[in-house]
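Please look over the sequence and the structure first, and then read on.

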Amino acid sequence: MSLIAEKHKNTVEEAIEHLISRAVNARGLSGSDISGRVWATLEKYLLRDDPNAAHTDIEEFVHEIRADDLCLIVACERGDERAWEDLVANFDSTVKSAARKISSNTEDAEDLASSIWAELYGLRTDADGKKKSKLAYYSGRGSLAGWLRAVVSQLAVDQFRKQSKFVQIEEDREFENLANEASAHSGNGLVSHSDDPELLLVNKRTSDDVTEALSTSIASLEAEDRLILKLYYFDDLKLKDIAATFGYHEATASRKLVRVQTEIRKGVERALREHHGWTDGEVKRHLSETAAELGISFETMFAALIVLALMQDFVMGGVL
Amino acid sequence: MELEFDKEIDAILRKARVGGVAAVRAVDSPHVDADAIAAFAENVLPDKAKRLYMAHFADCDPCRRMLSQTMTLISEADVTAAPSVAKDPVSPVLVTWYERLFRTPNLAAAMGALVLTFSGILGYMVFQRPADTAVGDQAKAAKPQSPAVVPNFNRDVSTNSSSSAANASAANTAAAANVASDDAVPQPERSGNIPSGGPSPDGEPEERRSEISPAATPATEPARPIVSAPPAPAASQPVPSDDEKKAEKDADKLKDRAADAAMSKTDAAGEDVARNDAPKAAKKPSTGGPRNVQMQQETNLGAGNGVVENSATKQAGGKNFVYRNGVWYDRTYHGEATTNVKRGSDEFKKLDSTLRKIAGSIGGTIVVVSKEKAYRIQ
């Protein structure tokens, strides 16, 4: 046992015993049955980033673990049939609902839900012959329903990644077609308004400068501001949901967003002036024109670009 | 200074999700697992861990998209779960006091029974009223209509002599001392005791003195109800039947016995009171001419001599008289021929003193039977 663990051993053991006593249905588990899980959670979320955490922080951390959900999952891992029945009975609707929202049709949703239960039960075995179940990754820190939704999302991406391997070429071609169409079509406000090559070149360079300044400005934001901006503008999340995730009121999230917009504007203007030699008048005029001129074709290009980027990421990186 | 929403930057950020801006960035740190994503989305991570994951999500687009999708699923689940929580059957259902009232078992039957009960009570009251009203009407109709019936003790003078005779009190006695005076000295108003009546139908006591006893007031002699039916106003009255006569005689006997008992006690006192009150009575205003005065005096006399009056009968000299067609008939009179005698005439003076007293006590025309002879004294 590490030094950190030795230091907090008594505190953790007492907190684990209290956790068992808090559970409405401990399912016959004892402190020793869940001790390993609790220690892993402590290491992952608390002690790794704060080795010198106080005893009160550790007690509070263990106290906030959801006792009933954790005992249910641990009992399922140990093969408790009654626990499995309760898990399926209580959370099958959650899994199916999440699958329906992610999938494009009912069949895919049912397949996805079935895959989730298979992954949870652990149909696969490792090299030692032990069942590989996703249940082992649940820490009890968040709710079991939230964890299941996250698992559904990940599995959906995995399934999409597997399927996309077969259509990768087609999507690349589609992206190329979209790009050619965007560059050649006269209706594309961003790229071209006329057939004048010089004018086309000027417009393109203007847009590129703005895009680059925008990227630079976003990168200079604080992590929280950057995440809020991306969640709101790139992922189309509501301020209410963003505020709930960050733990403050929706009005606070709105004020933060406005502050981010102000910083973005300052950063873009500064970048255009300093890095691209624009005057103040040019900055104001071109920002207005850019806001008005950005056309629909870029949304289509963006969607294709996102799909391609996702494929590349999941193939190269893997998520789990 | 409050910042304003920047519409231009907002439009640029919404529209320009170009590759340069939203370019997929891969980070060196490992991707976030489902447990961390769920914990972050539910805001249950410690502060330090939260900041670290926040930095990763801000730069790692795949993990950020996973996070945003999980946040969307959680948000939608919370929205759909909100009404279901309200429908939780385990939660206690608040029952208001009026709902509790209507949950009383057999409330409908109880209410129906109450309605029936009250309806019965109301109906009974409604039906009882006409009956009472009819009885009251009959009682009113029983009183003689031409004379105004005046209650007992403060006897008012009426212009009609018969009315004064009809206003017989419940308990009435003949004034013993005043009866003795043939001068028809006005006698004070008295509430008399029960007059002593003759035991025999046609008999009349020699001297019946129904003393007026102040003590013999309504307390001892409550007002008597009208025993007989009131006389018809204009039509001729039928002769009372034998049964009626018998009943009247029995009642008279009872009255006589009570009057005798009272007389023996209050004889002397009544005389004194009668003498003292005589001037007062004489001072009473008259309502008209000499006849009226005489009528008034006769009335007072009758009262003072212990005439028991009620609305249609009188008792005097141990006899009972019934008022019919303006004439006071002796109950013992059965329609035989009468001898007409006028008051003050020689023939009147020849009459028995008892008859003269009776005539003096009862004003108006009387038909009295004495010694198997009927006299009509006018």
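## A salt bridge between the chains

B:D35 forms a salt bridge with A:K44, and the closest N and O atoms are 3.8 Å apart; the term salt bridge stands for a side-chain nitrogen of Lys or Arg within 4 Å of a carboxyl oxygen of Asp or Glu. B:D35 lies in helix 2 (residues 34–41) of chain B and A:K44 in helix 3 of chain A, so the pair joins two chains; helices here are DSSP runs (H or I, at least four residues), strands are DSSP runs as well (E, at least two), and both are numbered from the N terminus. B:D35 is buried, with a relative accessible area of 2%, where buried means under 20% relative accessible area, exposed over 50%, and partly exposed in between (1.4 Å probe, protein chains only).

## How the model is to be read

This is a predicted model, in which local features need pLDDT of at least 70 and side-chain atom pairs count only at pLDDT 80 or more, while totals for chains, interfaces and linings use all residues. Residues are numbered from 1 along each chain as its sequence is written, chains are lettered from A and ligands numbered from 1 in the order in which they are written, and side-chain values use heavy atoms, with hydrogens and water left out.

## Other charged pairs

By the rule given above, the count comes to 25 salt bridges over all chains. One of them is formed by B:K48 with A:D50, where the closest N and O atoms are 3.5 Å apart. B:K48 lies in helix 3 of chain B and A:D50 in the loop between helix 3 and helix 4 (55–63) of chain A, so this pair, too, joins two chains. B:K48 is partly exposed, with a relative accessible area of 39%, whereas A:D50, at 18% relative accessibility, counts as buried.

The side chains of B:E76 and A:K101 also meet in a salt bridge, at 3.9 Å from N to O, and the pair crosses between chains, from helix 4 (residues 61–86) of chain B, which holds B:E76, to helix 6 (residues 81–102) of chain A, which holds A:K101. Both partners are partly exposed, B:E76 with a relative accessible area of 31% and A:K101 at 41% relative accessibility. Elsewhere, A:K230, A:D235, B:D61 and B:R64 are linked in a network of salt bridges.

## Around A:S139

A:S139 lies in the loop between strand 2 (131–132) and helix 8 (144–164) of chain A, and is buried, with a relative accessible area of 5%. Leaving aside residues up to four places away in sequence, A:S139 touches A:T41, A:Y45, A:I65, A:L70 and B:D35, where a contact means heavy atoms within 4.5 Å. B:D35 in this list is the residue that forms a salt bridge with A:K44.

## Aromatic rings

The structure holds nine aromatic pairs over all chains; rings of Phe, Tyr and Trp (its six-membered ring) pair if their centres lie within 6.5 Å, and planes under 30 degrees apart count as stacked, over 60 as edge-to-face and the rest as tilted. A:Y45 and B:Y53 form a tilted pair, with 6.2 Å centre to centre and 55 degrees between the planes. A:Y45 lies in helix 3 (residues 31–47) of chain A and B:Y53 in helix 3 (residues 47–59) of chain B, so the pair joins two chains, and both residues are buried.

Ring pairs also link A:F246, A:Y248, B:F40 and B:F57 into a cluster.

## Chain A as a whole

Chain A has 15 helices and two strands, and buried residues make up 48% of its 320 residues. Among the contacts in chain A with a separation of 6 or more, residues 24 or more positions apart account for 62%.

## Two loop residues of chain B

Most residues other than glycine have a negative phi. Phi of B:N43, however, is near 60 degrees, a positive value; B:N43 is placed in the loop between helix 2 and helix 3 of chain B and counts as partly exposed at 27% relative accessibility. Phi of B:N325 is near 50 degrees, again a positive value, and B:N325 is found in the loop between strand 3 (319–324) and strand 4 (327–330) of chain B, where B:N325 counts as partly exposed at 39% relative accessibility.
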